Amino acid sequence: MTSTSSATAGAVLSADEMLANAKAAAAVAAASGSSGKSKVQQLLAGRDDTDKVELSPVAKMLSAKTAAKVESYFDSDDYITAKVSQLKAQIAIYTNLPGLDPSGAILDSLTKDVNDLVDKQKAKLKESTDAAAVKQAELDKQNLNAYKGVSSKDMLSRSNQMATTGKISDATISSAAQAMIDKVSGKNVDKTV
């Protein structure tokens, strides 16, 4: 009851016909670029990706920050809090019931875990302290540049000059202050409240 027609359902195929069918299916899969992919992967490969959402600049910035700040769960504060609670409970059990750990190996292991956790937290604290010191140095430099033009002696001499003559000469004005003065000069200011 062998049939040479592979189109009939339930037909029994010879080994050569099955091999020819497999080669034809492999050729079709290779031509479509879907060899080795499941049906879902093949459907997704043919899908048009034009339905993407355009993000606003703020959303792009937030998504970039979120992607950059992905931290391991084992470095998160929630994990550390849970781990500290677990270690406290285990140390309390093995300390109060010495018969559970006669050799002290478990307590040594717990002590090592505590020390590792403390070292990790110290490294994290040092990293954030160093970053804060760098930011503080930048702020100090900006503040120093803002007040760089006028020394305390200059301020005192100007104050004395103003007290004696009533006007200031050679006043040093920063470029930012001069820009603000130039911007508002010639404009009427509404002084009503």
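**Fold, rings, charges and core**

Colleague: Among the contacts in the chain with a separation of 6 or more, what percentage is between residues 24 or more positions apart?
Modeller: A contact here means heavy atoms within 4.5 Å. Taking the contacts with a separation of 6 or more, the share between residues 24 or more positions apart is 24%.

Colleague: Which pLDDT is needed before a side-chain atom pair counts?
Modeller: Residues are numbered from 1 along each chain as its sequence is written, and side-chain values use heavy atoms, with hydrogens and water left out. This is a predicted model, where totals for chains, interfaces and linings use all residues, local features need pLDDT of at least 70, and side-chain atom pairs count only at pLDDT 80 or more.

Colleague: How many helices are in the chain?
Modeller: Helices (H or I, at least four residues) and strands (E, at least two) are DSSP runs, numbered from the N terminus. Along the sequence the pattern reads α-α-α-α-α-α-α. With 0 strands in the chain, the number of helices is 7.

Colleague: What percentage of the 193 residues is buried?
Modeller: Buried means under 20% relative accessible area, exposed over 50%, and partly exposed in between (1.4 Å probe, protein chains only). The accessible surface of the chain comes to about 16,400 Å², with 61% of it belonging to carbon and sulfur atoms. Of the 193 residues, the buried ones make up 7%.

Colleague: Which residues make the nonpolar surface patch of about 290 Å²?
Modeller: Patches take residues with over 30% relative accessible area and no salt bridge, joining like charges within 9 Å and nonpolar side chains (Val, Leu, Ile, Met, Phe, Trp, Tyr) within 5 Å. Areas come from the Shrake-Rupley method with a 1.4 Å probe, and for residues only the protein chains shown count as cover. M61, in helix α3 (residues 57–68), is partly exposed at a relative accessible area of 46%. The patch of about 290 Å² is made by V58, M61 and L62.

Colleague: Leaving aside neighbours within four places in sequence, which residues does L55 contact?
Modeller: L55 sits in the loop between α2 (39–45) and α3, and its relative accessibility of 40% makes it partly exposed. Once neighbours within four places in sequence are set aside, L55 is in contact with K60 and S63.

Colleague: On to the aromatic pairs: what is the angle between the planes of F74 and Y79?
Modeller: Rings of Phe, Tyr and Trp (its six-membered ring) pair if their centres lie within 6.5 Å, and planes under 30 degrees apart are stacked, over 60 edge-to-face and the rest tilted. The count comes to 3 aromatic pairs; in one of them, the ring centres of Y73 and F74 are 5.8 Å apart with planes at 70°, so that pair is edge-to-face. F74 and Y79 are also edge-to-face, at 5.0 Å centre to centre and with an angle between the planes of 85°.

Colleague: Which residues form the aromatic cluster?
Modeller: Y73 is exposed, with a relative accessible area of 52%, whereas F74 at 49% counts as partly exposed. Y79 touches both of these residues, not counting residues up to four places away in sequence. The cluster is formed by Y73, F74 and Y79.

Colleague: How many residues apart are K120 and D75?
Modeller: A salt bridge is a side-chain nitrogen of Lys or Arg within 4 Å of a carboxyl oxygen of Asp or Glu, and the structure holds 4. The side chains of K120 and D75 form one of them, at 3.7 Å from N to O. K120 is in helix α5 (residues 105–146) and D75 in the loop between α3 and α4 (77–96), so this pair links distant parts of the chain, and its separation in residues is 45.

Colleague: What is the distance between the closest N and O atoms of K126 and D130?
Modeller: These two residues are 4 apart in helix α5, which means a separation of about one helical turn. K126 is exposed at 53%, while D130 is partly exposed at 39%. Their closest N and O atoms, in a salt bridge, are apart by 3.0 Å.
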